[in-house]
Amino acid sequence: MFKNIAVIRGDGIGPEIIEQALMVLNRTADLFGHEFKYTEVDMGGCAIDKWGEPLPQAMLEKCTSSDSVLLGAVGGSKWNDVPAELRPEKGLLKLRAGMGVYSNNRPAKIWPQLADASPLKKEIVDKGIDFIIVRELIGGIYFGEHKTVGDTATDLLKYSEAEIERIGKIGFETALKRNKRLCSVEKSNVLDSSRLWKKVMHRLADEYPDVELTDMLVDNCAMQIVKNPAQFDVIVTENMFGDILSDEASMITGSIGMIPSSSLGAGSCGLYEPIHGSAPDIAGKDIANPIGTILSAAMMLRYSFNMLDEADCIERAVEKFLDDGYRTADIMPIDSKDLTVVGCIECGRLITENLTK
Ligand code: IPM
Ligand code: MG
């Protein structure tokens, strides 16, 4: 199959982790007889430096006309003082909205090889951590009006029933393919938008009799994720709650560097990115963990291109890397004699070498 993939290397560690993911994709294409063409897209700080804005329209169009987008990371302190409208993060929000990818899927799953890296107590980890956060991605407070008048600033949090319904359906569909438990997270004891959220979720529940729907307030959910993560199968929530809870969920699995994500809208063209940031402090040092990006590439093959064997092949190669005792610095226990720490490039090389049909 031929696929045109838009590639955003971005800032900080973005370029180095993307390089490894492309190596993995190329080898996978060779093994399975596919052809991937890469279209380079400037976004984030590097686009501000080059074009004066974080995502020029022409760059967005390269993404919307591709078969899918692979993104490293954007941002860095260098651009902290640019006006809010021009910040690197604005490029990312414009990309998500421009692609219409309203559904962001962030898995929180512990790798047995990395169980020691979780900050949670062993007895909690041993009960299992394997859930998915379905985060609404192009609505809510991120996209409401932002304004500052005098000494007062406001950000508008707004959701329509239609916006809640389409993400709610993804939550139910995701649960159907898993253990059929969906937890809808909101703040309905305070917010109108959350009361509407809850109402729509319960209306949808009638269409999915096989899924058990529960409600949870977001503050309680933040607590439950560290107290008893095994209770969760699929969490569905609005944009900002999902942003916060997904960082928390990633941490309990040991390293944010391991977690991929997919964002999809109405069509098959998706946006795939690791959930970590651009980590400028370690950029260019060859110590970043490329696995979150490599696993994002695997998700792209699975969800956008329906290449299931190819995605499995990449995930097996990552597993073998860990089983063979290799670790990047972020997932290396402090005193371990049996493990070998490797850099970003070597990690990519070993995973590529592990790819077999
Ligand atoms: C994320 C990030 C972004 C977000 C930032 C960089 C705008 O934190 O993908 O979780 O808040 O959505
Ligand atoms: Mg975030």
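**Figure 1. Ser118 in the loop between β4 and α5 of the predicted model.** Ser118 is buried, with a relative accessible area of 8%; buried means under 20% relative accessible area, exposed over 50%, and partly exposed in between, with a 1.4 Å probe and protein chains only. The loop that holds Ser118 runs between β4 and α5 (122-125). Helices (H or I, at least four residues) and strands (E, at least two) are DSSP runs, numbered from the N terminus. Setting aside residues up to four places away in sequence, Ser118 touches Ile110, Val125, Ile252 and Gly254, where contact means heavy atoms within 4.5 Å. This is a predicted model, in which local features need pLDDT of at least 70, side-chain atom pairs count only at pLDDT 80 or more, and totals for chains, interfaces and linings use all residues. Residues are numbered from 1 along each chain as its sequence is written, chains are lettered from A and ligands numbered from 1 in the order in which they are written, and side-chain values use heavy atoms, with hydrogens and water left out.

**Figure 2. Val101 in the loop between α4 and β4.** Apart from neighbours within four places in sequence, the contacts of Val101 are Arg96, Leu137, Ile138, Ser263, Leu264, Gly265, Cys269 and Leu271. Val101 and Leu271 are 170 residues apart along the chain, and their C-alpha atoms are separated by 7.4 Å.

Figure 3. A polar side-chain atom of Arg106 lies 2.8 Å from an oxygen atom of ligand 1. For Arg135, a polar side-chain atom also lies 2.8 Å from an oxygen atom of the ligand. In the side chain of Asp243, an N or O atom is 2.9 Å from an oxygen atom of ligand 1. On its own, ligand 1 has 320 Å² of accessible area, of which the protein covers 76%; accessible areas come from the Shrake-Rupley method with a 1.4 Å probe, and for residues only the protein chains shown count as cover.

**Figure 4. Helix α8 and its buried face.** Helix α8 spans residues 218-227, and its buried residues are Val218, Cys221, Gln224 and Ile225. Seen down the helix axis, these residues fall within an arc of 105°, so they line one face of α8; the arc is that of the directions from the helix axis to the C-beta atoms. An α-helix has 3.6 residues a turn, so residues three or four places apart point the same way. The cover over the buried residues of α8 includes β5 (130-136), β8 (181-186), β9 (212-217), β10 (234-237) and α9 (239-252).

**Figure 5. The hairpin of β6 and β7.** Strands β6 (residues 146-149) and β7 (residues 152-155) pair in the antiparallel sense over four bridges; two strands pair if DSSP finds at least two bridges between them. Val149 stands opposite Thr152 in β7. Two residues lie between the strands, and Gly150 takes a positive phi near 60° in this hairpin.

**Figure 6. Positive phi at Lys180 and Asn306.** Most residues other than glycine have a negative phi. Lys180 has a positive phi, near 65°. Lys180 lies in the loop between α6 (161-176) and β8 and is partly exposed, with a relative accessible area of 33%. Asn306 has a positive phi near 55°. The loop between α10 (291-304) and α11 (308-323) holds Asn306, which counts as exposed at 58% relative accessibility.

Terms used:
Polar contact = N/O pair within 3.5 Å; in protein donor to acceptor, adjacent residues only side chain to side chain.
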